[in-house]
Amino acid sequence: MTCRAFTAACESLGISVQPAPPRAPTAKGIVERTFGSINALFCQHLPGYTGSDVTRRGPDTEKDACYSVTRLQDLLDVWLVHYHHRPHEGLRHPMMPRKALTPNQMWAALLAVAGYVPVPLTGRDYLELLPVHWQAITPAGLTIHHRTYDADLLAPHRSQASPVAGRGGKWEIHYNPHDVRQIWVRLPDCELTEIPWIHRDHVHRPFDERTWQHIRTQAVDGNHGDAEQHEASLADALDQLMRRVHSGHATTTEQALLARTAHLPLPAARDGNPGTEAPADNLAQQATEGDDDSIDDLDGLPDDDVSPAPVTGFGLYNAHEEAATW
């Protein structure tokens, strides 16, 4: 799913994607070198780092108290700022071939030559970059994982085939994996249009698919034969879960489920004008397990300078000493 979302995002931004052959790290040397730098300069300094094999990990790493994904993202963001001020042996200017430049310095040099056109993303762009799902519009609306999404504007399209060829009559739907209280469907001659979950007004906080599946597995009502009543019962159980978490009476598992979505803002499209503000969800947090590529075959490629240096943490140059060299 993440790969499809990434490809769709690139297409919407006019970026061409050239797939690399499986298990061929030399086909994407720059990417592999970047992974190597992240491992050597960032990941190996974190608690719980296991390395790529048993020879590259410390003792008792399973006993380390590891950071949460949110905290890791914060640390990575800080590290990236320092990384872009760090000289790279492979970055050279024709007028100063003996001096290794930082990524920011090289960017400034190229920017002066090529220029750029700033194109800020809008709320509409955010919706276009969300993951895509294809679903039929039934007389009841759109049903996804036992949740029904419906609105009056779907009336002309119920039980109708999508105009998109090759999708079996299904319609293009965009969804936020961190807040499934609404989806966005692309209707004919229209931009993406928000369609709310029919029980959205009963559940006032964001929740993701994992939380919904937890509610479904815990459900004990006997209304499975009545789909509408069963969905209403699930919505009520979800509301009760959120109330327990808010009052401090929830289990550790329940608290962890809602902690993943506790700080998400309301969707920008709620007021009918999705171009005004973009939610702050970070789609880059989505990850998939890639092929078993290795950087062992890239020893001959230009490398970043990873020699020992004074550090303040996470393998970074001391900020004060580096500032004197800019």
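1. The side chains of Asp 150 and Arg 158 meet in a salt bridge at 2.9 Å, N to O. A salt bridge here is a side-chain nitrogen of Lys or Arg within 4 Å of a carboxyl oxygen of Asp or Glu. Asp 150 is partly exposed, with a relative accessible area of 24%. The cut-offs are under 20% relative accessible area for buried, over 50% for exposed, and partly exposed in between (1.4 Å probe, protein chains only).

2. A word on the basis. The model is predicted: local features need pLDDT of at least 70, side-chain atom pairs count only at pLDDT 80 or more, and totals for chains, interfaces and linings use all residues. Residues are numbered from 1 along each chain as its sequence is written, and side-chain values use heavy atoms, with hydrogens and water left out.

3. The structure holds eleven salt bridges. One of them joins Arg 124 and Glu 191 (3.4 Å, N to O). This pair links distant parts of the chain, 67 residues apart: Arg 124 sits in helix 5 (residues 123-129), Glu 191 in the loop between strand 5 and strand 6. Arg 124 is buried, at a relative accessible area of 14%. Helices (H or I, at least four residues) and strands (E, at least two) are DSSP runs, numbered from the N terminus.

4. Glu 32 and Lys 28 also form a salt bridge through their side chains (3.5 Å, N to O). Glu 32 counts as buried, with 4% relative accessibility. Lys 28 is partly exposed, and its relative accessible area is 21%. Elsewhere, salt bridges link Glu 128, Glu 172 and Arg 186 in a network.

5. Glu 231 deserves a look. Glu 231 lies in helix 7. This residue is buried yet has no salt bridge; Arg 147, the nearest side chain of opposite charge, is 6.9 Å away. For charge, Lys and Arg count as positive and Asp and Glu as negative, while His and the chain ends are not counted. Leaving aside residues up to four places away in sequence, Glu 231 touches His 146, Arg 147, Thr 148, Trp 197, Ile 198 and His 199. Contact means heavy atoms within 4.5 Å.

6. Four strands form an open sheet in the order 1-4-5-6, with antiparallel pairing. Strand 1 (132-135) and strand 6 (192-196) stand at the edges with a single partner strand each, so one side of each has no neighbour in the sheet. Neighbouring strands are turned by 35° against each other on average, direction ignored. Those angles use axes fitted as lines to C-alpha atoms, for helices over the stretch in contact, and run from 0 to 180 degrees between N-to-C directions. Two strands pair if DSSP finds at least two bridges between them.

7. Strand 4 (residues 171-176) and strand 5 (residues 179-186) pair in the antiparallel sense over four bridges. They form a hairpin with two residues between them. Ile 173 stands opposite Val 185, and Asn 176 opposite Asp 179. Strand 5 is mostly covered, with seven of its eight residues buried.

8. Strand 5 and strand 6 are antiparallel over five bridges. Trp 184 has Glu 194 in strand 6 as its bridge partner. Five residues separate the two strands of this hairpin, and Asp 189 in the turn has a positive phi of about 60°.

9. Helix 8 (residues 252-259) has Glu 254, Leu 257 and Leu 258 buried. They lie on the same side of helix 8, because they cover an arc of only 85° around the axis. The arc is that of the directions from the helix axis to the C-beta atoms. Thr 252 and Ala 259, on the other side, are exposed. The cover over the buried residues includes helix 6 (209-218) and helix 7 (227-247).
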